[in-house]
Amino acid sequence: MIKLQITDQTTGLGLATAACAADTLLSRLKGLLGTDSLPAGQGLLIKPCNSVHMIGMKYAIDVVFVDSQFAVLKTVSCLKPYSFAICWQAFAALEIPAGTIEATKTQIGHQLQVVEYSPTE
C-alpha cells in the first residue's frame, strides 16, 4: 500500500507522516467513516474534493483545502461531527487530526509537499 508524507514547505513542519489517498469514488464516499479516531501523523487526502461532511463521524478533524499544485486555499480547524466545510476552488482536501493546523502553523498561501512512499522503505 502506498502512503503519503505531507509537509508544509513554508513552515517545514509535517502535517502527516502516514496519510492515505482517497482517489476513487468508493474511497472518497467512505472517507473516515467507521473510524473511531485519527491518530497523530495519519491523514486522508481526498481528491478530487472541494467539500467534506462530518455526518456519522465520532470525532473532530482539521481540514486543509488545496489547489492542484497543493497550495493551501482554506483551513478549517476542529471541524466537529455533523458539520461540513466547502472550498469551491479546491482540488483536494486533506483530513488530519484536530490540532494539527495550529501545531504546524499552516495558513492560506502555504505550499504543501506530498511524497509517496512504500511503508517497507
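**Close-ups of a predicted model**

**View 1. Strand β5 and its neighbours.** β5 pairs with strand β8 (residues 92-97) over 6 bridges, in the antiparallel sense. This is a predicted model, so keep that in mind through all the views. Look for F65, whose bridge partner in β8 is A93. β5 also pairs with β6, again in the antiparallel sense, this time over 5 bridges. Here V63 stands opposite V76 of β6.

**View 2**

**View 2. The β5-β6 hairpin.** β5 and β6 make a hairpin, with 5 residues between them. F70 sits in this turn, and its phi is near 65°, a positive value in a residue other than glycine. With a relative accessible area of 17%, F70 is buried; the cut-off is under 20%.

**View 3. A parallel pair, β2 and β3.** Strand β2 (residues 13-22) and strand β3 (residues 42-46) run parallel and are joined by 5 bridges.

**View 4. A cis peptide bond at P48.** The peptide bond from K47 to P48 is cis, with omega near -10°. You'll find P48 in the loop between β3 and β4.

View 5. How many disulfides does the model have? The count is 0. For C20, the closest cysteine sulfur is that of C49, and at 16 Å it is too far for a bond. C49 has its own closest cysteine sulfur in C87, but 9.9 Å is also too far for a bond. A disulfide would need the two sulfur atoms within 2.5 Å. C49 itself counts as buried, at 10% relative accessibility.

**View 6. The largest pocket.** Rolling a probe the size of a water molecule over the atoms shows where empty space is left. In this model the largest pocket holds about 250 Å³ of space. Of its 17 lining residues, R28, L29, I46, V52 and H53 are the closest to the centre. Both α1 (25-30) and β4 (51-53) supply at least two lining residues, and α1 gives the most, with 4. By class, the lining has 11 nonpolar, 3 polar and 3 charged residues.

**View 7. K105 and its positive phi.** K105 is not a glycine, yet its phi is positive, at about 60°. Look for K105 in the loop between α2 (100-104) and β9. At 54% relative accessibility, K105 counts as exposed, whereas F70, with its own positive phi, is buried.

Technical notes:
Residues are numbered from 1 along each chain as its sequence is written. This is a predicted model: local features need pLDDT of at least 70, side-chain atom pairs count only at pLDDT 80 or more; totals for chains, interfaces and linings use all residues. Side-chain values use heavy atoms; hydrogens and water are left out. Two strands pair if DSSP finds at least two bridges between them. On a 1 Å grid over the protein atoms alone, a cavity is a set of points where a 1.4 Å probe fits but cannot get out, and a pocket is an open set with protein on both sides within 12 Å along at least five of seven lines; lining residues have an atom within 4 Å of a point. Grid points are joined across faces, edges and corners, and a volume is the space filled by probe spheres set on the points. Ala, Val, Leu, Ile, Met, Phe, Trp, Tyr, Cys and Pro count as nonpolar, Asp, Glu, Lys and Arg as charged, and the others, Gly among them, as polar. Buried means under 20% relative accessible area, exposed over 50%, partly exposed in between (1.4 Å probe, protein chains only).
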